[in-house]
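Try each task before you read its solution.

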Amino acid sequence: MGDNLRDIPEFIERELGESLQARTDALATFKELGAPDLCHIVKVNVKPNVKETSSYHYVSGIDASSSASLAAYLNSLTYAIDESHAWFSKGAQWRIRSGVYCCYNAFSRVDVRVEVKIPGGVESYAVNVRGERQEATAAIWQETYVAAMLRSILYSDDANYRIPGFRKLDPIPDVESEKRFFEAAEQLFFKGWLLGSNPEIQVPTIVNNHLTAAIMKYCQEGFRYDLSVKFFERLFKREPEVASLLAQSYIGADEELKAINVLYEALKQFPQSYALLHVQADFLRGKGKLEMALRLAKQAVNCAPSEFITWAKLTEVYIDLGDYESALLTLNSCPMFTFNERDLQRMPKPAKAHLPIRNDIDLSLIDDESGREHEADPALLRLPAPSLRGTFASAYNLLTRLVSKIGWDELLRCRSLVFVMEEEYRMQKEAEESIRKGSQPRSKSRDDGVPEEVPLRDQLLSPNGTPIPIIKISTESEREREREQEEAEEEARTRAVDAAAEKAADENPDQSMEDIKLDDLSLGSDKDQDEVSSNAIPVIETEPEHPVINGKQIEKPSVAAASDEDENDDEEVELSFSFSNKRLCDRWLDNLFMVLYEDLRQYTIWRAEVQHFRSVQAPYRKSGTDWEIYGELATRLHHREEAKDAYQRCADQKFSAKALVRLLEIYAEECQLHRAMEVAIKLCVYQERWYHETIYPTAIAFNLNKLIQMEGLAKVQNTLIALNTSPAVFKLMSRFLTRAKTFEVPGSTV
């Protein structure tokens, strides 16, 4: 149609200006970097009595340093009006009468807008959260420019920041633009904490915020650590705490001695900075000095006990050391935060959507005509793990690392050793209740006084003779039923604990934070023993449903089955009446155990099916979506080869951008240049189809830069030529290689 933009997405409004009003109403809901830039235009017909229309689209990557640059973008849209018309018509029927460009300033929490009237003038102003207009000063324009660049860099490939009709342009197309961005970022560096931070960080600081994350991402994915070194060296003279970022840059640039010297000097001034301690701990882990890294990780927890990342780092060190019980205990101590979704505004339903396709795009590379390949097994779709976000996703990743190293059965054994289980809690409460009533515990004796024999786990057999695996989940039913009986006991124990704490404080009044060790949080603390009686979350035992295929029961993985033989002695510990060496398992960690069980259950079924069909020499068929989910499942459980095989089968059966991105990462790490280039071509065409014109930073650019660093730019170029692609596709791919040469990515220079 003649009223649509050519090669640019747009949504036609039902009422003029409704998208602008919706954005104004949503300003108060923006918590961090804000929503994408909004471009709103009004089009009129040259003929009289034809109703004018309005449309909008989202865009990022535009230079928002002044009103002139935003007005230039609006003016460029006047040349994008589709001029297709009937053969008897003359000239364009529609033209753009006015336009408004909205760009959110995350520093000052205002929405900067540029209104252009064609023909006419340009007006710029800022709208605050109350909808009031105010002047757009030079300082506000600088903040708006940096905020727009940060959104383009951090959210270039973010799955949580994807919306239809989002046009992404290259934010830093040349060296001059890069220089201007780093100069503006340096001036606003110490205001970066106002922008917020990653979900794993509770309190943003000057070294942990979206500004520093964007700068590190920009430099790391291009392997241009010299750029970040120069940037942070200038800031280090003004703020020594920046040493953590400077040291990371030095280590990336292979200048480890400088990094250690910087950390040494900074830690003398800021001994309580967990960011500095983490950089040093990671360096020591890379060198195999795990005991020294453990001391630093413990000190970091003492410095910031309310931060998730300090406890997560300590858990990682324990896993590296093989101290899995301490790792599980530390993971249980992690403070968890609610995940905040990305800032996106809700729009009224448009009258229609216009999503054009460029004529020069080879859609045959990304077409998927098979509807069956999009079907999936309902059991796979119901897996809860993909919905985890923020700290819960990070904690689940640590839990999967644990199970990948020791197996499911051993993980359950460690869990029963460090946490209070339901059977122990129930028997303890029955014993205490019976003692108070002056009688023997019913669960410990028969009517004739002979102790009742409690069957061990290996003695619980299924009908076919195999052991029944046991998983324990939490419940509060027992505690609720016995709440009235415990009130008096709880009050007495609380008074005893308070008295003991006051006595300890009187004896050690000068104990500082540095003297507190994580060893004080040992399994055998008396406080925990009291907590078990007063605040315990009971745990019940349930029998998981055994997966069955063709009437045959699927056995557990060999590692888990082997560990069952040595559990008889451990069961006596599980049924012990003593809570002196136990802790309480938080509800969220209990839930993660159930999530992990569902993942392991589906993974076991999958691998058993594959083995069965392979043994009978029959083809194993699944839909493309099933293979994609299996690939994600194997990735979560750290089974790299199985994930690679699943992603390859998915890509063979249907087009899946998610599977191709994973394959590109795997091929780049394995240095399979030819396969990586084939995958990169498909992804490049897919992104161009959906108006993703950003070259860097993207997953394609990062992995191509990795290949250039390992193989050299000339070899990558020759491989692309050898693939004999169409001229349009070759032009698209050449942009990534040209940029690598322009910005001097390692391996691009002779």
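Contact here means heavy atoms within 4.5 Å. Keep in mind that the model is predicted.

**Exercise 1.** Describe how helix α23 packs with helix α24.

*Solution.* 
- Two packed helices are described by the angle between their axes and the distance between the axes.
- Helix α23 covers residues 624–636, and helix α24 covers residues 640–653.
- Their angle is about 160 degrees, and their axes lie 8 Å apart.
- Angles over 145 degrees count as roughly antiparallel, so α23 is roughly antiparallel to α24.
- The crossing of the two helices, α23 and α24, is left-handed.
- Now list the partners. In α23, the contact residues include Trp627, Tyr630 and Ala634; in α24, they include Ala643, Ala646, Tyr647 and Cys650.
- Sort the residues of the contact between α23 and α24: seven are nonpolar, four polar and four charged.

**Exercise 2.** Check the length of helix α10, then find how many of its residues are buried.

*Solution.* 
- Helix α10 holds 14 residues, 290–303.
- At 1.5 Å a residue, α10 should span 20 Å.
- The end C-alpha atoms of α10 are 20 Å apart, so the two values agree.
- Ten of the 14 residues in α10 are buried. Among them are Leu290, Leu294, Ala297 and Val301.
- The buried residues of α10 pack against α9 (274–286) and α11 (308–321).

**Exercise 3.** Is His354 buried or exposed, and which residues does His354 touch?

*Solution.* 
- Locate His354: it sits in strand β9, residues 352–354.
- The relative accessible area of His354 is 19%. Buried means under 20%, so His354 is buried.
- Leave out residues up to four places away in sequence. His354 then touches Asn4, Leu5, Ile8, Pro9 and Glu10.
- Ile12 is 342 residues from His354 along the chain, yet their C-alpha atoms are separated by 7.8 Å.

Methods. Residues numbered from 1 in each chain as written. Predicted model: local features only at pLDDT ≥ 70, side-chain atom pairs only at ≥ 80, totals over all residues. Heavy atoms only, no water. Axes fitted to C-alpha atoms, helices over the stretch in contact; angles between N-to-C directions. Helix = DSSP H or I, 4+ residues; strand = E, 2+ residues; numbered from the N terminus. Parallel < 35°, antiparallel > 145°, perpendicular 65-115°, else oblique. Left-handed = near helix turned anticlockwise from the far one by under 90°. Nonpolar A, V, L, I, M, F, W, Y, C, P; charged D, E, K, R; others polar. Expected span 1.5 Å × (residues − 1). Buried < 20%, exposed > 50% of the residue type's maximum accessible area, 1.4 Å probe, protein only.
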